[in-house]
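Here's a quick tour of the model, heading by heading. Keep the viewer open while you read.

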Amino acid sequence: MRQGGLGKSSGWTPVPQVVARQLQEKILSGEWAEGDLIPSQRALSEAYGVSRASLREALLTLETLGLIRTEPGRGTFVSAAAPVSEPPEAAWRYSDSFALQDVFETRVMLEGKIAELAARMIAAEDIQMLRAATDEMERCWARGDLLTNVEADLRFHRTIASSCHNAMLMRLYDTVADLLTETQRQPIPRTRTERMQASLAEHRAIIEGMEKCDPALARAAMEAHIRNTADCAGVVI
């Protein structure tokens, strides 16, 4: 799940992410239809030539996004293609270490301050990256590409973190990157189109704060965005 730190882009894609994309394509193409039992982990790891660990990571990502579900004793099945009226609570994979609420509360404090600092000196090219990532999120949501939607979301937040010019905050952000990544995936099964549109508008409000070099506006917009994301995940902060 590591993305190589806060660099803009290394050009390297982790193996689990590559496999997750290939498995998602089977769902998007209809090769794996809703309710289908997918092959075993052993069969998939052999078919894709990857370790069982990498395969499990890919499946966990798809399960967090609500694309597949595992039923003990029965296997793993393709889930509904869109959020349902009463989506099941997704398992929080880091529950043994931190409560989901704890992570969202930390995100509000950490990313709010990061946004405040970034707004003071963010480069024009980074603002363009924020716009491009937000536009890509919108396009990917429309075609059901949840993996790339989340990857663009992660790129948006990492770009801001890399622009804050506070070495310690950047290091802290990178240290907890896996936890932050999961909180961005966690709400997806509960996200309807109207919530995604609201989330995109929140991104654009953050960008406005950056463009205006307004630290207070950028921080308020980021904090509101994370609180709304938490609410979508069923967490009140």
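## Ground rules

Contact here means heavy atoms within 4.5 Å. The model is predicted, so local features need pLDDT of at least 70 and side-chain atom pairs count only at pLDDT 80 or more, while totals for chains, interfaces and linings use all residues. Residues are numbered from 1 along each chain as its sequence is written, and side-chain values use heavy atoms, with hydrogens and water left out.

## Around leucine 130

Skip the neighbours within four places in sequence, and leucine 130 is in contact with Ile122, Phe156, Thr159, Ile160, Ile207 and Met210.

Leu130 also turns up among the residues that touch the most other members of the largest nonpolar core, which has 34 residues. Such a core is a set of buried Ala, Val, Leu, Ile, Met, Phe, Trp, Tyr and Cys residues joined through side-chain atoms within 4.5 Å. Buried is under 20% relative accessible area, exposed is over 50%, and partly exposed is in between (1.4 Å probe, protein chains only).

Helices are DSSP runs (H or I, at least four residues), numbered from the N terminus. A salt bridge puts a side-chain nitrogen of Lys or Arg within 4 Å of a carboxyl oxygen of Asp or Glu.

Glutamate 116 is buried at 13%, and has a salt bridge to lysine 113 (3.2 Å, N to O). Another goes to arginine 120, again with 3.2 Å between the closest N and O atoms. Because glutamate 116 and arginine 120 sit four residues apart in helix H4, about one helical turn separates them. Shared partners link Lys113, Glu116, Arg120, Arg219 and Glu223 into one network.

Conventions:
Helices (H or I, at least four residues) and strands (E, at least two) are DSSP runs, numbered from the N terminus.
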